[in-house]
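Subject: A structure for you to look at

Hi there,

Here is the structure I promised to pass on. Have a look at it first, and then read on for what turned up in it.

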Amino acid sequence: MSERQLHREHQSMSMMYGTYADILFVLFPFLVIGMQRLWDGNLYEMLMQPDLSIAAAILAGLAIGKFVLGLVTNRDLGVYKERIVFFIALTLFVVLGPAIILMLSIMGGTEVPGFVAFVQPILLIIAISLYSTAVGISNILTHEGGREGNAASIEGYSTDVVRPAQAGHAPLDLPRHTGADSW
C-alpha cells in the first residue's frame, strides 16, 4: 500500500469514527430514556412517544447543515451542486418534515396509531444514513476546497494534484500495530 493510499485510509477511518461519535452523542440521551423505560417495563412506550422522531429531526438538521457547509465551502461544483441540493430536499421531505409532523401529532394528546412504532425507527435509520452521507460529502468538499478538479473527487476519482504535507495528525488518528513491538 502506497503512502498516499495509507494516508487516505487514515483520513477515511478518522472521518468514520468522528461521524459515529457524533451520532452516538446525539442518541445518548435517548438511549438513557430508553433504558429507564426498559427498567420500568415500558419499552414499547418509547416507540409510541416522540423520542425517536426528535432524534431523527436533530440528525436531519445536522445533515442539512453539513450539506449546506459543503455548498458554501466549494462554489465551483458544476453539476454536482444540484445533487447536493437534492440531498437537502430529500432530508427535508423524507426525514425532517415527517419527524416534525409525528412529534406534533404524538404530543397532540390523541390516540397514537400503531404504525408510529414502525415509522419512527425507520425515520431514525434514514436520518443516520443521510447524516453519514452529509459528513462524507462535506469532508470531501472542505478538504478538497483548494484543489482543482473537485467535481472529479466527489465521484470517487482522485485528481493528480499533490497536496503539501500537513503538520500534526488527523483527529481521532489511531496508532497502528506494526508487529515490530511485542507484548
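Met 35 lies in helix α1, and its C-alpha is 9.8 Å from that of Met 46, eleven residues away in sequence.

A word on where this comes from: the model is predicted, so local features need pLDDT of at least 70 and side-chain atom pairs count only at pLDDT 80 or more, while totals for chains, interfaces and linings use all residues. Residues are numbered from 1 along each chain as its sequence is written, and side-chain values use heavy atoms, with hydrogens and water left out.

Now the overall picture. The protein has six helices and zero strands (these are DSSP runs, H or I of at least four residues for helices and E of at least two for strands, numbered from the N terminus). Read from the N terminus on, the order is α-α-α-α-α-α. Of the 183 residues, 31% count as buried. Among contacts between residues at least 6 apart in sequence, 75% join residues at least 24 apart (a contact means heavy atoms within 4.5 Å).

Helix α1 (residues 3-40) and helix α3 (residues 51-73) pack at about 175°, with their axes 10 Å apart (axes are lines fitted to C-alpha atoms, for helices over the stretch in contact, and angles run from 0 to 180 degrees between N-to-C directions). That makes α1 roughly antiparallel to α3, a label for angles over 145 degrees. On the α1 side, the contact is made by Ile 23, Val 26, Leu 27, Phe 30, Ile 33 and Arg 37, and on the α3 side by Asp 51, Ile 54, Ala 55, Ile 58, Leu 59 and Leu 62. These residues divide into ten nonpolar, no polar and two charged (Ala, Val, Leu, Ile, Met, Phe, Trp, Tyr, Cys and Pro count as nonpolar, Asp, Glu, Lys and Arg as charged, and the others, Gly among them, as polar).

Gln 49 sits in the loop between α2 (43-47) and α3. Gln 49 counts as partly exposed, at 28% relative accessibility. Not counting residues up to four places away in sequence, Gln 49 touches Arg 37, Ile 106 and Gln 120. For Gln 49 and Ile 106, the separation is 57 residues in sequence and 6.6 Å in space, C-alpha to C-alpha.

Helix α4 (residues 80-107) has 28 residues and should span 40 Å at 1.5 Å a residue, which agrees with the 39 Å between its end C-alpha atoms (the expected span is 1.5 Å times one less than the number of residues). At Leu 92, α4 bends by about 35° (the angle between axes fitted to the seven residues ending there and the seven starting there). Just after α4, Gly 109 takes a positive phi of about 95°.

Finally, is Ser 138 buried or exposed? Ser 138, in helix α5 (residues 116-143), is buried, with a relative accessible area of 1%. Leaving aside neighbours within four places in sequence, Ser 138 is in contact with Lys 66, Leu 69 and Gly 70. Ile 125, also found in helix α5, counts as exposed at 55% relative accessibility.

Happy exploring!

Technical notes. Parallel < 35°, antiparallel > 145°, perpendicular 65-115°, else oblique. Buried < 20%, exposed > 50% of the residue type's maximum accessible area, 1.4 Å probe, protein only.
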